[in-house]
Amino acid sequence: MLLEKSFFARPAQEVAPELLGCKLVRSIAGEEYRGIIVETEAYDATDPACHGYRRKTARNAAIFGAPCTAYVYLIYGIYHCVNIVTDREDFCSAVLIRAIECDRLPSWSKDKPNRAGSGPGKLCRLLQIDRQLDGVALHPDRHLWLEARSPDFNEPIVQTTRIGITQGIDIPWRWYLSDRTSVSRKNSTKQKITPHT
């Protein structure tokens with residue numbers, strides 16, 4: 001079932017754990033590839049690690065967009081990262097998809113199945129997500145969308161601090177499915193929480 005805009009019209013820190021177990025879907029040349037979301041991080045305007053924390057620019061404009069749109073940016077000049085915009089328009093808030101686990105891999109992937117999407121840059125390369133998708137509404141018509149988790153989803157979730165940042169490092173806005181080997185990196189200090197229903 002397609003996740004609608006209303007699901008994302010909430011604070012990023014509420015949406016992020018509820019995206020675990022949902023599927024990121026990409027249509028490429030008529031083929032659909034689905035990845036279970038196994039790791040997420042939340043960012044918003046109150047957070048110094050958020051791209052829109054200081055001001056809106058041409059580069060980060062999409063993070064100020066409508067809920068259920070994509071914010072795609074480039075890191076280190078070579079890796080793309082995909083975020084799902086949340087909350088409300090004109091307020092920067094988004095969930096970074098950090099890792100996915102695909103049901104089947106595209107022919108161009110040479111990685112092990114459980115590691116092909118084990119990082120934000122890797123999953124964008126795997127699903128051919130780049131800046132051309134920045135700001136688009138997440139919908140099958142745009143070849144990138146999200147589907148709800150299974151009704152019987154019941155995997156243990158870990159909440160911890162985010163990784164790969166230098167500001168806001170103490171904010172515990174990272175979540176992952178503890179039993180999945182496709183998580184980018186597991187923490188030694190962690191707090192298990194029960195799945196949201």
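The lining of the largest pocket comprises 17 nonpolar, 9 polar and 5 charged residues (Ala, Val, Leu, Ile, Met, Phe, Trp, Tyr, Cys and Pro count as nonpolar; Asp, Glu, Lys and Arg as charged; the others, Gly among them, as polar). The model is predicted: local features need pLDDT of at least 70, side-chain atom pairs count only at pLDDT 80 or more, and totals for chains, interfaces and linings use all residues. Residues are numbered from 1 along each chain as its sequence is written, and side-chain values use heavy atoms, without hydrogens and water.

The largest pocket is lined by 31 residues. Ala49, His51, Tyr73, Gly164 and Ile165 lie nearest its centre. Two or more lining residues come from each of strand 2, strand 3, strand 4 (79-85), strand 5 (93-102) and helix 3 (120-126). Helices (H or I, at least four residues) and strands (E, at least two) are DSSP runs, numbered from the N terminus. The volume of the largest pocket is about 710 Å³, the space filled by probe spheres set on the grid points, which are joined across faces, edges and corners. A pocket is an open set of points on a 1 Å grid over the protein atoms alone, where a 1.4 Å probe fits, with protein on both sides within 12 Å along at least five of seven lines; lining residues have an atom within 4 Å of a point.

Most residues other than glycine have a negative phi. Alanine 29 has a positive phi of about 50 degrees. Alanine 29 sits in the loop between strand 1 (23-28) and strand 2 (31-44). Its relative accessibility is 82%, so alanine 29 counts as exposed (over 50% relative accessible area; buried is under 20%, partly exposed in between; 1.4 Å probe, protein chains only). Cysteine 68 also has a positive phi, near 70 degrees. Cysteine 68 is placed in the loop between strand 2 and strand 3 (70-75). With a relative accessible area of 7%, cysteine 68 is buried.
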